[in-house]
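Open the model in your viewer and keep the selection tool at hand. The stops below say what to select next and what is there.

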Amino acid sequence: MNIKMQKPLLALITGAILSACNTTTSETMVSNQNADKPNIVIFYVDDLGYGDLGVYGAKGVKTPNVDALAANGIRFTDSHSSAATCTPSRYSLLTGEHAFRKKAKVLEGDAKMLIDPGQPTLASLVKKVGYKTAVIGKWHLGLGDGIKPIDWNKDIKPGPLEIGFDYSFLLPATGDRVPSVYLENHTVQNLSVDDPLSVSYVKKIGNRPVGREHPELLRQPADNQHADTIVNGISRIGYMQGGKSAEWKDEEFYSVFTNKANTFIADNKNNPFFLFFSFHDIHVPRLPNKRFQGKSSMGVRGDAIVQMDWITGQVVNQLKEQGILDNTLIIFTSDNGPVLTDGYDDEAIQLLGEHKPAGPFRGGKYSAYEAGTRMPTIVHYPNKVKPGVSDALMSQIDVYASVANMLNIPMADNEAIDSEIHTAAWLDHTQTGRTQLVEESYTLSIRVGDWKYITPSKGTNDWIRDNKNIEGGFQSSEQLYYLVDDMAEQHNLANSNPEMLSKHKKIIESVINKTKR
């Protein structure tokens, strides 16, 4: 080698080595920093029952992607949504507060936003420590301030961006309600100024066909509640005028939402982020894409479960491809229990076979019995989770305080007042969880260990039984069950255990009257 070239070459090699070392050091520092702030992804499925996944005993449908999360994570057997219907459970998950305190109920598609700007949410919580936040999918928590009707042709505020989310791509309500359009941040997508959009839940507007008047146009027969404006061959709840260019196609949800989620992940792979992925599946109307049709033995409900599993796998694969899966806390769960017939006849009952959507439990969506809120729940976090099966009593309402604890974020006394810290139980299957929890439906129930008390109520049993084919569990007399011996809540012990009954009544009264920590 020419002697004159040695020094420059040596300098070049030395510089390259130093550069590589600096890069490695920098990447290590970023990695270590992010290790203290794991990404958070909540997969929130709609109407998925305890028994609807392979790892929970499903028959006639396979869920390999979700099962894989359970195999390397924690599968909970006694984990609950806070309510047996969707709007209340979503409210509680995001706020750490029981929905009955807000008198929350299932909302119409043009309802006022249930969470007021300024009220702390899980999204605003993690933003305090630098997280990027997004909600993608079903919203159903209302929009606007309620002072005046929503003008769907202008920016719609307040919405998710006003309560802590940096990005949102939504079904404004849910698939069976108008408006049947996508809302990105504040704006309805693909809306033409020449065909403005109007919505009414009071009276018929516009000249679109209506289901109860034109059943021959429907792809699925519908009950009278779901027999208003027809969009994509399905009659919905509520009336919609105009907005033709903005209409969604139900069969495209699977790819539209998956792509939005994966784009958000790719754009924020170098930042800690929180993604609330709120499925429409397997809520009605069930219209899985043709690539999933026939993939189960249960018709469209089973095929929608297959579609949900595929979506989950795609998002998890994106986390893996971006090199951030190990440092991502994934919580997979459902908003309430299962329902087979919920406004549309899609043969879910006839094609059920040996499958038990609620597993061994009684009731389902809407119900005060265990199947109303006992949810399939899986936590996957390779960097921290101790895998296994957990029998701990857990509630989605505790995600708020547990995340705050994990990230060392102080909470105010009036913030998330019903949320408890159970970080240890979320991350280690050997740890214990709650000693008691409230289950909300059309009445209130309380679990204290393995005992369950259901408060007296009336007026909804016949409607749920006749229209939803579900046992509501609403009785004018008190109910008390010992779940160790009676998992299916068949033997009411209220009369034979007056002391235990009195104890539970006092506990639930104290929860109702709670106003601050």
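Start with Ala 111, which is buried, with a relative accessible area of 15%; the cut-off for buried is under 20%. This is a predicted model. Ala 111 sits in the loop between helix 3 and helix 4. Show its surroundings: leaving out residues up to four places away in sequence, Ala 111 touches Gly 142, Leu 143 and Ile 150. Ala 111 and Thr 455 are 344 residues apart in sequence, and their C-alpha atoms are 29 Å apart in space.

Next, select the largest nonpolar core, which has 60 residues. Which of them touch the most other members? They are Ile 42, Leu 122, Trp 139, Phe 165, Phe 274 and Phe 276. Elements that give two or more residues to this core are strand 1, strand 2 (74–80), helix 3, helix 4, strand 11, strand 12, helix 7 and helix 8. Centre the view on Phe 274. Apart from neighbours within four places in sequence, Phe 274 is in contact with Ile 40, Ile 42, Leu 122, Ala 123, Val 126, Tyr 131, Lys 132, Thr 133, Ala 134, Phe 165 and Phe 264. A separate core of 52 residues includes Leu 69, Ile 282, Ile 324 and Leu 352.

Move to helix 7, residues 399–406. Six of its eight residues are buried, so helix 7 is largely enclosed by the rest of the structure. The buried ones are Val 399, Tyr 400, Ala 401, Ser 402, Val 403 and Ala 404. What covers them? Colour the elements one by one: the cover includes strand 1 (39–45), helix 3 (86–95), helix 4 (122–127), strand 12 (328–334), strand 15 (394–395) and helix 8 (423–427). After helix 7 comes Asn 408, with a positive phi near 55°.

Now select helix 5 (residues 253–267) together with helix 6 (residues 299–321). Their axes lie 9 Å apart and the helices pack at an angle of about 15°. Helix 5 and helix 6 are therefore roughly parallel to each other, and their crossing is right-handed. Show side chains where the two meet. From helix 5 come Tyr 254, Thr 258, Ala 261, Asn 262, Ile 265 and Ala 266; from helix 6 come Gln 307, Trp 310, Ile 311, Gln 314, Val 315, Gln 318 and Leu 319. By class, this contact has eight nonpolar, five polar and no charged residues.

Go on to the loop between strand 11 (273–278) and helix 6, where Ile 282 is found. The peptide bond from Asp 281 to Ile 282 is cis, with omega near 5°. Pro 285 is in the loop between strand 11 and helix 6 too, and a cis peptide bond with omega of about -10° joins Val 284 to Pro 285.

The last stop is the loop between strand 12 and strand 13 (374–380), which holds Glu 347. Phi of Glu 347 is positive, near 65°, in a residue other than glycine. Tyr 366 lies in the loop between strand 12 and strand 13 as well, and has a positive phi of about 80° although it is not a glycine. Is each one buried or partly exposed? Glu 347 counts as partly exposed at 43% relative accessibility, whereas Tyr 366 is buried, with a relative accessible area of 8%.

Conventions. Residues are numbered from 1 along each chain as its sequence is written. This is a predicted model: local features need pLDDT of at least 70, side-chain atom pairs count only at pLDDT 80 or more; totals for chains, interfaces and linings use all residues. Side-chain values use heavy atoms; hydrogens and water are left out. Axes are lines fitted to C-alpha atoms, for helices over the stretch in contact, and angles run from 0 to 180 degrees between N-to-C directions. Helices (H or I, at least four residues) and strands (E, at least two) are DSSP runs, numbered from the N terminus. Angles under 35 degrees count as roughly parallel, over 145 as roughly antiparallel, 65 to 115 as roughly perpendicular and the rest as oblique. A crossing is left-handed if the near helix is turned anticlockwise from the far one by less than a right angle, and right-handed if clockwise. Contact means heavy atoms within 4.5 Å. Ala, Val, Leu, Ile, Met, Phe, Trp, Tyr, Cys and Pro count as nonpolar, Asp, Glu, Lys and Arg as charged, and the others, Gly among them, as polar. Buried means under 20% relative accessible area, exposed over 50%, partly exposed in between (1.4 Å probe, protein chains only). A nonpolar core is a set of buried Ala, Val, Leu, Ile, Met, Phe, Trp, Tyr and Cys residues joined through side-chain atoms within 4.5 Å.
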